[in-house]
Amino acid sequence: MSFDTLAVVGLALLGVAATGAVVRVGIASSLADRVIALDLLVVIAVMAIAIESARDDTTAFLDDLMVVALLGFVATTAVARFIERRGAR
Amino acid sequence: MTELVAGGLVVVGSALTVISAIGLYRFRDVFARVHAAGKAAPLGAALVFAGAALQFGELAVAARFALVLGLLSLTFPVGVHMVVRAAYRSGTELAPDVTVDELSDARRRRDEG
C-alpha cells in the first residue's frame, strides 16, 4: 500500500461525498439547504486539491486552496444576506 | 511508514466527509443538517491536510496547510451559521416533530413589530 493508492481511495470517497452534495442541491426544499450543500462541495474541492497536489508532489496549487476556501466564505455570506432580505424558499 | 500514516489520514478524512454528506440526507430540517455539514467537513479537511502535509514532509508546506486550515475552520462554521440564521429569521419552519423552539417568542415579537 503506497500513499498513491490510499490517495486514490480518498479521492474516490470525496467523489462519493461530492455526488451526494450535488444531488442534495437538486432535491433541496429551500435555498438555505442548497447553500449548505454547495458549501460542503467547496470544502470537498479544497480537500481534493490538497490530496492531488500531495500525490503529484507539487506545491503549485497550494495558493489555490486559500483562494477557493475564502471565495466559498464570501459567497456563503453574500447568499446569507440575500436570504435575509428576500425570505426563504 | 510515514507514507502509510499520511495515506491513512487522507482516507479517514475523506470518509468523514462522506459521513458529512450522508448527514445531509439523514437529518430532517436545515437546522439539523447544518450540524452535519458544518462540523464534520472542517474536521475531515483537518485530517486530509495533515495527511497531505505529512506526505510533503516540508515545514513550509505544512505551514501553508495550517494557514488554510485555520482560515477554513474559522470561516466555514461562521458561514453556515449565517445561512441558518438568515433562514430562521426569514421564517423557515422546523421539522414537525421538533417540540422545543426557544427562539419562537423572539421571532413572534419581531414579526408583530
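Start with one helix pair: α2(A) and α3(B) pack at an angle of about 170 degrees, their axes 9 Å apart. Helices here are DSSP runs (H or I, at least four residues), numbered from the N terminus. Axes are lines fitted to C-alpha atoms over the stretch in contact, and angles run from 0 to 180 degrees between N-to-C directions. Over 145 degrees counts as roughly antiparallel, so α2(A) and α3(B) are roughly antiparallel to each other.

This is a predicted model: local features need pLDDT of at least 70, side-chain atom pairs pLDDT 80 or more, while totals for chains, interfaces and linings use all residues. Residues are numbered from 1 along each chain as its sequence is written, and chains are lettered from A and ligands numbered from 1 in the order in which they are written.

Who touches whom in this pair? Contact means C-beta atoms, placed from the backbone, within 7 Å. From α2(A) come residues including A32(A) and I36(A); from α3(B), F76(B) and V83(B) are among them.

Now the largest nonpolar core. Such a core is a set of buried Ala, Val, Leu, Ile, Met, Phe, Trp, Tyr and Cys residues joined through C-beta atoms within 7 Å. Buried means 20 or more other C-beta atoms within 10 Å of a residue's own. This core has 65 residues, and A32(A), I36(A), L40(A), F49(B), A52(B) and V83(B) touch the most other members. The largest share, 16 residues, comes from α2(A).

Take F49(B). Beyond its neighbours within four places in sequence, F49(B) contacts A50(A), F65(B), V68(B) and L69(B).

Last, the whole interface. Chain B gives 47 residues and chain A 44. On chain B's side, α1(B) supplies the largest share, 17 residues.

Note on methods:
A residue is buried if 20 or more other C-beta atoms lie within 10 Å of its own, exposed if 12 or fewer, and partly exposed in between; C-beta atoms are placed from the backbone. Helices (H or I, at least four residues) and strands (E, at least two) are DSSP runs, numbered from the N terminus. Two residues are in contact if their C-beta atoms, placed from the backbone, lie within 7 Å. Angles under 35 degrees count as roughly parallel, over 145 as roughly antiparallel, 65 to 115 as roughly perpendicular and the rest as oblique.
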